[in-house]
Amino acid sequence: MVDSSRPARPVVLGQNQYGKAENRVVKITRDGDTHHIKDLNVSVALSGDLDDVHYNGSNANCLPTDTTKNTCFAFAKEHGIESAESYGIHLARHFVDSQPSIHRARIRIEEYSWERIAASDGNSQFIGADEVKHSFVRKGQETRLAQITYSAEGDGEPQFEVLGGLKDLTVMNTTNSEFWGYIKDKYTTLKEDYDRILATSLSTWWRYTWTGDDQRPPSWNKSYEQAKKHILQAFVETYSLSLQQTLYQMGSRVINNRSEIDEIRFSAPNKHHFRQDLSFCGLDNDAKDGAVYYAADRPYGLIEATILRDGAEAKIPVDMTNL
């Protein structure tokens, strides 16, 4: 039975944010007959003095989400999209600096890559042009990621936090991978393997040291390509005794070679490939002879890790890369 004489416990508003999610912004830049594509999926999240809109329904401090959508498209035209990071920095600064009630803006971007389709050697059959430079095919590898947060909360100077990353980068080593020496109990059925396939689909975020305009920003596009290069090279060059070991080597390679990156976090589902038992028809199926495998879709091992520069603070949320 409820005691009505006792005052009700007060209910207070916690963290909140709002904005327009998944704005599909495609910018075509024409350099004469040569065209260039930037294809982004942009999500905006704003927070600040928004208590009244929750408590009382007052929209006096609320910038409409439709306005945030329009701004995404207008800025693509006004400022262009040199990189996802530079575009996101323009947006985040605008929302905070132009609206007294908005103290923090987070811009999260997925970028979809396209590559130019080469025409045939003749190409003379194309009427009106000597060379086709406006036809593209969507790349099927990873999706590039960026997240820009600009905060003017508190008494300090406004600061940026810029994260880069990628997802759905699927990689495979068909040898130079083992897995053995693990804990075994009465529930263990997995057999030790001294020559196995190692495959995963990487999701990763890394954090840049750049925090504001008084610092020289990195070359965002070059930094992304170099980080990806070091991840892939470490995957190739690591003789792996566990996927955890490989993740550490990939992260270490990025941190050691890119001074503008202090932290990187990976989420790596283990794309299991098991040798098919062919003994029913009298066939051996050893890896050394070129085996036949079946690829297990589910369940999968999910390996996650953060690698930091010594002395750096971990700031990337641990669940940000979780699939």
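**A helix pair and its setting**

Guide: Helices α2 and α3 pack with their axes 10 Å apart, at an angle of about 135 degrees. This makes α2 oblique to α3, a term that excludes angles under 35 degrees (roughly parallel), over 145 (roughly antiparallel) and 65 to 115 (roughly perpendicular). The axes are lines fitted to C-alpha atoms over the stretch in contact, and angles between N-to-C directions run from 0 to 180 degrees. The crossing of α2 and α3 is right-handed, that is, the near helix is turned clockwise from the far one by less than a right angle.

The model is predicted, so local features need pLDDT of at least 70 and side-chain atom pairs count only at pLDDT 80 or more, whereas totals for chains, interfaces and linings use all residues. Residues are numbered from 1 along each chain as its sequence is written, and side-chain values use heavy atoms, without hydrogens or water. Helices (H or I, at least four residues) and strands (E, at least two) are DSSP runs numbered from the N terminus.

From α2 come Thr68, Thr71, Cys72, Phe73, Phe75 and Ala76; from α3 they meet Tyr87, His90, Leu91, His94 and Phe95.

Consider next α2 itself. This helix comprises residues 65-78, and its end C-alpha atoms are 20 Å apart, which agrees with the 20 Å that its 14 residues should span at 1.5 Å a residue; the expected span is 1.5 Å times one less than the number of residues. Thr68, Thr71, Cys72, Phe75 and Ala76 are the buried residues of α2. They fall within an arc of 130 degrees seen down the axis, so they line one face of the helix. Here buried means under 20% relative accessible area, exposed over 50%, and partly exposed in between, with a 1.4 Å probe and protein chains only; the arc is taken from the directions of the C-beta atoms as seen from the helix axis. The face turned away from this buried side carries Lys77 and Glu78, both exposed. The buried residues of α2 pack against β1, β2 (34-48) and α3. After the helix comes Gly80, with a positive phi near 75 degrees.

Ala76 illustrates the buried face. This residue of α2 is buried at a relative accessible area of 5%. Leaving aside residues up to four places away in sequence, Ala76 touches Val25, Lys27, Ile81 and Tyr87. Leu202, in turn, is 126 residues from Ala76 in sequence and 29 Å from it in space, C-alpha to C-alpha.

α4 passes α5 in a right-handed crossing. Their contacts bring Ala227, His230, Ile231, Gln233, Ala234, Phe235 and Glu237 of α4 to Thr246, Gln249, Met250, Arg253, Val254 and Asn257 of α5.

Helix α4 (residues 220-237) has 18 residues and reaches 26 Å from first to last C-alpha, close to the expected 26 Å. Its buried residues are Trp220, Ser223, Tyr224, Ala227, Lys228, His230, Ile231, Ala234 and Phe235. These cover an arc of only 160 degrees around the axis, which puts them on the same side of α4. Lys222, Val236 and Glu237, on the other side, are exposed. The elements covering the buried residues include α3 (84-98), β6 (143-151), β7 (159-173), β8 (198-208), α5 (243-257) and β9 (261-269).

Some backbone details complete the account. Asp168, in strand β7, has a positive phi of about 65 degrees although it is not a glycine; at 44% relative accessibility, Asp168 counts as partly exposed. Glu22, in the segment before β1 (23-31), likewise is not a glycine but has a positive phi of about 55 degrees. Glu22 counts as exposed, at 56% relative accessibility. The peptide bond from Arg298 to Pro299 is cis, with omega near -10 degrees, and Pro299 is placed in the loop between β11 (293-295) and β12 (302-308).

Definitions and conventions. Contact means heavy atoms within 4.5 Å.
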